[in-house]
Amino acid sequence: MVFRVEAIGFFCGCHAVKRIIFCRMPNWKTSVGRVRICGKIEGVSFIVLMGVAMPLKYLAGMPTAVKWPGWIHGILFVVYCLAILMALVNGRLSFGKSVLAFVASLLPFGPFLIDRTLAKDEAEEISDGAIS
């Protein structure tokens, strides 16, 4: 149950709206939840690499600024790809959504954009009772 507040002039009306919220925190116990968690962490590392380390390298003349963020992002990218592969092998993600998750990892903010789609799949996995 979600409450929505509507303000009209000086009056405020509050009524309940029945809907499922999919953008909750990912569940580490589900395959798709692990993909979502790894995607968020990998997405943050990509933004740090592109938004902080790369400008320091090219604008401030600090070539060593990308060494550690680059290594960390590379490891997190591999972990994210393995999480996608495991969800695909376990039958929790379709081939199309697995490809979409992989392509999204190549784009800045991509894992955050597909998180809602993956949250729906995670909700289905939880409702099936098949938590791996």
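1. Basis. Residues are numbered from 1 along each chain as its sequence is written, and side-chain values use heavy atoms, without hydrogens and water. In this predicted model local features need pLDDT of at least 70, side-chain atom pairs count only at pLDDT 80 or more, and totals for chains, interfaces and linings use all residues.

2. Helices here are DSSP runs of H or I, at least four residues, numbered from the N terminus.

3. Ile84. Beyond four places in sequence, Ile84 touches Val35, Ser98, Ala101 and Phe102 (heavy atoms within 4.5 Å).

4. Glu122–Arg36. The closest N and O atoms of this salt bridge are 2.5 Å apart (cut-off: Lys or Arg side-chain nitrogen within 4 Å of an Asp or Glu carboxyl oxygen). Glu122 lies in H5 (115-128) and Arg36 in H1, so the pair ties together parts 86 residues apart in sequence. Glu122 is buried at 0% relative accessibility; Arg36 is buried at 1%. Buried means under 20% relative accessible area, exposed over 50%, partly exposed in between (1.4 Å probe, protein chains only).

5. Asp115–Lys40. This salt bridge has its closest N and O atoms 3.7 Å apart. Asp115 is buried at 9%, while Lys40 is partly exposed at 26%. Salt bridges link Arg36, Lys40, Asp115 and Glu122 in a network.

Terms used. Helices (H or I, at least four residues) and strands (E, at least two) are DSSP runs, numbered from the N terminus.
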